[in-house]
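Me: Can you walk me through this one? Keep it short, please.

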Amino acid sequence: MEAVRLIVVSRRALAGSGDMDEVVAEAWQAQALAQAVGSRLAVSGPPELRGEALGLTELAGRGCGVLDAAPRDIADLRAARLTELGDAREALLCLGGLLAEVGIALVGVACAADEQGTYWQCMEAIDAADESRDRVLEMLRRLADRDHGVVERGWATG
């Protein structure tokens, strides 16, 4: 399945999460998807994105690691359904939105947490989602810079 479609599915699932456990599970799914998109970009994305994409993969992996919510069945892992990236810019825009929503949802879980462990787990996951989103925004900036350079050269020769 294409990245944007998977991200939309993840956004809907996060929005439909009822309790704290579901929100944490969806946050885990989102980070796993960010990790998969980062891996795909690092291997076959535009050259100017590969370093940041590798960083996204590492950060999103950390986000999964701090959340104790991995699906028990591989069939439930949305990131495993990623078959193509599609348009990198569109995928990154959607992924950035998903990661922002994950951070907001985890703030709600952290505020409602009765246990210190849950609170700190959420705080670390919020930090990982925020850092992952920063990487996504940097990749979008690099794409814009690349496109701006192409436009400038087009004007200079035209």
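**A buried threonine, then the helices**

Reply: Thr57 has 13% relative accessibility, so Thr57 counts as buried (under 20% relative accessible area; exposed is over 50%, partly exposed in between; 1.4 Å probe, protein chains only). This is a predicted model: local features need pLDDT of at least 70, side-chain atom pairs count only at pLDDT 80 or more, and totals for chains, interfaces and linings use all residues. Residues are numbered from 1 along each chain as its sequence is written, and side-chain values use heavy atoms, with hydrogens and water left out.

Me: New topic. At what angle do α1 and α2 pack?

Reply: About 165°, with axes 9 Å apart. α1 covers residues 3-15 and α2 residues 20-44. That makes α1 roughly antiparallel to α2 (the cut-off is over 145 degrees).

Me: Which residues of α1 and α2 make the contact?

Reply: From α1, Ala3, Leu6, Ile7, Ser10, Ala13 and Leu14. From α2, Val23, Glu26, Leu33 and Val37.

Me: Which residues touch the most other members in the largest nonpolar core?

Reply: Leu41 and Leu95, out of 47 residues. A nonpolar core is a set of buried Ala, Val, Leu, Ile, Met, Phe, Trp, Tyr and Cys residues joined through side-chain atoms within 4.5 Å.

Me: Which helices each supply at least two residues of this core?

Reply: α1, α2, α3 (50-66), α4 (88-112) and α5 (116-157).

Notes: Axes are lines fitted to C-alpha atoms, for helices over the stretch in contact, and angles run from 0 to 180 degrees between N-to-C directions. Helices (H or I, at least four residues) and strands (E, at least two) are DSSP runs, numbered from the N terminus. Angles under 35 degrees count as roughly parallel, over 145 as roughly antiparallel, 65 to 115 as roughly perpendicular and the rest as oblique. Contact means heavy atoms within 4.5 Å.
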